[in-house]
Amino acid sequence: MDDDTSERPPTELGNPRTTDIDRLDTLDLLHRLNSEDRSVPEAVGGALQELAHAVDLAVDALRSGGRVHYVGAGTSGRLAVLDAAELVPTYNVPPEWFVVHLAGGSSAVWNAVENAEDDSAAGAASVERAATGADIVIGLAASGNTPYVLGALEAAHGLGASTALVSSNPNRARGPAVDAAVTVDTGPEPITGSTRMKAGTAQKLVLTSFSTAVMVRLGRTYSNLMVSMVATNAKLRTRTVRILREATGATWQECESALHEADGDLKTALVHMLGGVDVAGAAAALARSEGHVREALRTLGS
């Protein structure tokens, strides 16, 4: 007897638009996949209110000395690893700010670890070892029902931490352990049950928007410029000069000189140039404003 489709997550249902996908030529096949993919950003748009709540909770946690924890299994966990890894060089955040709990451990990045996602106790234990009530724990599960993730959220709730769940299952009840339910209704996958597709794309968009919004709210940008980046190679050193030029309108030579005076610190050079103060005064203003360029400039009357 067939199972009751009303109890299955939408991501596990058959997609009537792609039943003939194995009969299409290559170009038509790709057109069909692309047509399905185009629905994902709109679905993410429908979850922005809850995503904004998650962002605000994360900003509050980080400002209070807490951390952000991502919890996931399979594709969800791997996307979390990617997002966390890219924040350190892009925004110069301390590496301990974003912590990833991946079902099966680090080896699961490359290899499937059987039954790891079904271990709710392991998810709970991972969070209990690393999190505190000052943190936010964000679970990522396309179905919204992954035991490892739900165990972690229950444990986080017990610690007094803020929580969020990112899923593609609008049929799942929110539950008391979830403060922000970011539900992206991506519907059935082009290949039934392959949540690395639309649900995975949705999670990537959500994570990128989430972490970017957190960085902007914490003053890790000035306008839309990456003023907190670390120039670890020649390409990035050139980029810092370009960013400084765009922000100030000064010449290349003037920007290089300012960066040299500031020992390569882009924010200090920027406040020095826009605030009309020496490098020491710029650094002090940034320290008072917790690294927020606009706030530092405001205190300088600029």
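In the unreviewed UniProt entry, the annotation "active site" covers Glu 86 and Glu 117. These two residues span 32 residues in sequence, and their farthest two C-alpha atoms are 24.5 Å apart, so they do not all gather at one spot. Of the annotated residues, Glu 117 is included in the lining of the largest pocket. The structure examined here is a predicted model, and the positions described below should be read with that in mind.

Glu 86 belongs to helix H4, which runs over residues 74–91, and with a relative accessible area of 40% Glu 86 is partly exposed. Glu 117, by contrast, is placed in the loop between strand S2 (98–102) and helix H5 (120–130). Glu 117 counts as partly exposed because its relative accessibility is 40%, a value that falls between the limits of under 20% for buried and over 50% for exposed. Leaving aside residues up to four places away in sequence, Glu 117 touches Ala 73, Ala 103, Thr 146, Pro 147 and Tyr 148.

From the annotated residues we can turn to the aromatic side chains, where the count comes to two aromatic pairs. One of these pairs is formed by Tyr 70 and Phe 98, whose rings are tilted, with 5.9 Å from centre to centre and 55° between the planes. Tyr 70 lies in strand S1 (residues 68–72) and Phe 98 in strand S2, so this pair ties together parts that are 28 residues apart in sequence. Both Tyr 70 and Phe 98 are buried, and together with Phe 210 they form one aromatic cluster.

The structure holds one cavity of 30 Å³ or more, and the largest cavity has a volume of about 40 Å³. Sorted by class, the lining of the largest cavity has 10 nonpolar residues, with no polar and no charged ones.

Definitions and conventions: Residues numbered from 1 in each chain as written. Predicted model: local features only at pLDDT ≥ 70, side-chain atom pairs only at ≥ 80, totals over all residues. Heavy atoms only, no water. UniProt positions renumbered as here; feature names shortened; annotations may be inferred. 1 Å grid on protein atoms, 1.4 Å probe; cavity = no way out; pocket = protein on both sides within 12 Å on 5 of 7 lines; lining within 4 Å. Helix = DSSP H or I, 4+ residues; strand = E, 2+ residues; numbered from the N terminus. Buried < 20%, exposed > 50% of the residue type's maximum accessible area, 1.4 Å probe, protein only. Contact = heavy atoms within 4.5 Å. Phe/Tyr/Trp six-rings, centres within 6.5 Å; stacked < 30°, edge-to-face > 60°. Points joined across faces, edges and corners; volume = space filled by probe spheres on them. Nonpolar A, V, L, I, M, F, W, Y, C, P; charged D, E, K, R; others polar.
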